[in-house]
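Welcome! Take a moment to look over the sequence and the structure below, and then we can walk through them together.

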Amino acid sequence: MSDKELDQLFQSRFDSFEAEPAASLWSSIESQLENKPGKRAGMPVFWMAAASVVVLLGAGLWLFRPEEKVYLKGETVLAKVHQQPAEEIPAGTPAISTQPAAETEPAESNPVRKAVRVKKDEYLAAADTREKEPAVQAVPENQVLFAKAEEPVAENDPAPIMALVAAEEAPHSRRGEVHQTVLAMLPPEEEAVGEKPLRERRKIRSVGDIVNFVVAKVDQRDDKLIEMAEDDEGTKISGINLGLFKIKSKKR
Amino acid sequence: MAIGHKLTTDSLLDGCRRGDRKSQELLYRSLGSKMLGVCLRYAKDHYEAEDMLQMGFVKVFQKVAEFRGEGSFEGWIRRIMVNTAIETYRKNQRSLQVVDIDEVYDEPQSMFDMSGLETKDLLNLIKALPGGYRLVFNMYVIEGYSHKEIGEKLGITEGASKSQLSRARAILKEKVLKMEDHNYAIHVG
């Protein structure tokens, strides 16, 4: 028997092949139609929900990819002298400033950038839970000095990611624009050392701040359920922690 | 149930577009048996076939706005049945349903066709094919999809489609010949 013969046998037999469905089938169809009235393109809500979840996750992941390159910021200067935890930050210490480089603290300004461990402060109300000083202080230097951002970060030593330092104490909270700037280098392995994104301190300036505030109140973990941070484009998600699933932005 | 097909079907299209329940029911009555015939070839048993039929028609009525008039309305409906069959197959795959070959032999409630018993036998042969082969054989030989289209719909390569088809054919040929021999033997003594 050839292929053709076989095909023709089946084709001819099944062309006119019909079978009567159960009598109740139409009512089943009808009731299903009634459950979803006015469905035009027939996209069940379920799929839309699923699609939006996927989109959100995708956006979150996308915003949050590990960065391999260095960020150069034009004019942001961070200057802060960050001493031992016990020490108060001297009143004169600026927190973060977006002033042009010219205003770098004379006493501390160094054209050379030193990457340091930054003490990450907890956000606003949650400041009390945070203080991981010891771990952070493990690193000899505590000073974060950034010179003009023009200087390429490239040759910086094994230094870890530099991050922004927010003012520790309320009185010293940032002045003017707190614009977080990051000069980031990324040896990813360094990240382990108590990295936490900085938080704006007392002021609530954006949706992200509100989110952070609320989350901080509720979530006692180090890595919050969701963390928001600002970059020059606005507020973005910088971290998500769902227990099994954690992402943290390394930009900061 | 095989009322005047083409004319009835096309004239019902407008009613279905408007969501008119009567038109919808008439369409179902007009084409239901034929479409069940299609589903029976794809499903592993009669119950699954009826499920496919129901899901297929619900989809038809929900998506009728998307039918743009390329080709016949009936052809479009048939494609939806095939798509439903593919979905069901995939779902079965995922839940790793193991179908005992013997279980596949299922007596349909009522069947009427032109040539008596044989179609029933042939149907059983098709149902006895392993799922993937059955899909490809049905789609290629009876529905007339190309290997390219089959590949796209099933997410396999054209080559895979071709080889599954030829294996399906080989199995069927062997069984058909055995059947014919058997019949012959019975009749001739």
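## Where the chains meet

In this predicted model, 31 residues of chain A are in contact with 44 residues of chain B. The size of an interface is often given as the accessible area lost when the parts come together. For chain A and chain B, about 3800 Å² is buried between them, and carbon and sulfur atoms account for 63% of that area.

Charged side chains take part here too: six salt bridges are found across the interface of chain B and chain A. As an example to look for, the side chains of A:E34 and B:R21 form a salt bridge, at 3.2 Å from N to O.

## Chain A as a whole

Let us turn to chain A. Its 252 residues include 46% that count as buried. Chain A exposes about 12800 Å², with 59% supplied by carbon and sulfur atoms.

Chain A has six helices and seven strands. Starting at the N terminus, their order is α-β-α-α-β-β-α-α-β-α-β-β-β. Among contacts in chain A with a separation of 6 or more, 72% are between residues 24 or more positions apart.

## A closer look at helix α1

Helix α1 of chain A covers residues 3-15. Its 13 residues should span 18 Å at 1.5 Å a residue, and this agrees with the end C-alpha atoms, which are 18 Å apart.

Which residues of α1(A) are buried? They are A:L6, A:D7, A:L9, A:F10, A:R13 and A:F14. Because these residues cover an arc of only 160° around the axis, they lie on the same side of α1(A).

Definitions and conventions: Residues are numbered from 1 along each chain as its sequence is written. Chains are lettered from A and ligands numbered from 1 in the order in which they are written. This is a predicted model: local features need pLDDT of at least 70, side-chain atom pairs count only at pLDDT 80 or more; totals for chains, interfaces and linings use all residues. Side-chain values use heavy atoms; hydrogens and water are left out. Helices (H or I, at least four residues) and strands (E, at least two) are DSSP runs, numbered from the N terminus. Buried means under 20% relative accessible area, exposed over 50%, partly exposed in between (1.4 Å probe, protein chains only). Contact means heavy atoms within 4.5 Å. Accessible areas come from the Shrake-Rupley method with a 1.4 Å probe; for residues, only the protein chains shown count as cover. The expected span of a helix is 1.5 Å times one less than its number of residues. The arc is that of the directions from the helix axis to the C-beta atoms. Buried area is the accessible area (1.4 Å probe) that two parts lose on being put together, summed over both. A salt bridge is a side-chain nitrogen of Lys or Arg within 4 Å of a carboxyl oxygen of Asp or Glu.
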